[in-house]
Amino acid sequence: SSMAGLRVRSLLVTGANRGIGLGLVRQVLGMPNPPEWVFAACRDPKGERAQELKNLASRHPNLVIIPLEVTDPASIKAAAARVGEQLGGSGLNLLINNAGIAKLNLLDTETLEDMSQVYTTNTVGPLLLSQAFLPLLKKAAQGSPGSALSCSKAAIINMSSYGGSIASPSGWDLMQVVSYRCSKAALNMLTKCQSLGYREHGVLCAALHPGWVQTDMGRSAGHMPPMTVDASARGMLKVLSSLSEKDTGTFLDWEGNVVPW
């Protein structure tokens, strides 16, 4: 399997109850050597929107569902504590900040409330989560001393978007969602900052563009996106398995191509 290179003892995915988050969880559980612990975080684990996740958990004892609201610092702290407890003395290898929202406002209809909410979820959320889970990521990195940066050691992966690329000329025709695009451009900068700040701790940081995927968010632009969730998730896991020192701080797509900033 192309993903066989990704050997992680533990990972956490936010926004894991549907879309790309759920796809990643499903693919990881199906790996030839799946992680010892897969933490799937979502807002309402008891709700009907998490039913598929609950079905998976009933079949996979290594899948742990964690309640998490990424805009609430108390919820983030509680999630980090729960994960730490479950891991015992070992650290967390991989944090995938996937939870995100979009508000379909145009340039003329964008509002303070929507802009703030999108930024809080898509940019501040990954910042706070990375802060809260840094001790566990550091612990994982210390568990493989001397080895170069990799996702198998310790990594933060931020789910970005081509729409967040300032350099891309075609992004505007695809999505004129201003608040979403601004939040993802800022997330790319956050990724860069984290890569520089956390390198000394042995933590690799990268931003990923999952492709234009058939999710509720992907469809909201009004066209049927070309790619399935599973194809995107498989591609991204393959990319994660190949990331090394040279890739920290970069913005890549699901095929491993560098995306212009």
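Angles under 35 degrees count as roughly parallel, over 145 as roughly antiparallel, 65 to 115 as roughly perpendicular and the rest as oblique. The structure is a predicted model, in which local features need pLDDT of at least 70 and side-chain atom pairs count only at pLDDT 80 or more, while totals for chains, interfaces and linings use all residues. Residues are numbered from 1 along each chain as its sequence is written, and side-chain values use heavy atoms, with hydrogens and water left out.

**View A. Packing of helix 3 against helix 4.** Helix 3 (residues 73-87) packs on helix 4 (residues 112-142) at an angle of about 25°, their axes lying 10 Å apart; helices are DSSP runs (H or I, at least four residues) numbered from the N terminus, and axes are lines fitted to C-alpha atoms over the stretch in contact, with angles running from 0 to 180 degrees between N-to-C directions. The two helices are therefore roughly parallel to each other. Helix 3 contributes Pro73, Ile76, Ala79, Ala80, Val83, Gly84 and Leu87 to the contact, and helix 4 contributes Leu128, Leu129, Ala132, Phe133 and Leu136 (contact means heavy atoms within 4.5 Å). By class, this contact has 11 nonpolar, one polar and no charged residues; Ala, Val, Leu, Ile, Met, Phe, Trp, Tyr, Cys and Pro count as nonpolar, Asp, Glu, Lys and Arg as charged, and the others, Gly among them, as polar.

**View B. Packing of helix 4 against helix 6.** Helix 4 and helix 6 (residues 178-198) pack at about 20°, with axes 8 Å apart. Helix 4 and helix 6 are therefore roughly parallel to each other. Among the contact residues are Met115, Tyr119, Asn122 and Leu134 of helix 4 and Tyr180, Cys182, Lys184 and Tyr198 of helix 6. The contact divides into 12 nonpolar, seven polar and one charged residue.

**View C. Packing of helix 1 against helix 2.** The axes of helix 1 (residues 19-29) and helix 2 (residues 51-59) come within 11 Å and cross at roughly 15°. These helices are therefore roughly parallel to each other. Leu22, Val25, Arg26 and Leu29 of helix 1 meet Glu52, Leu53 and Leu56 of helix 2. Five nonpolar, no polar and two charged residues make up this contact.
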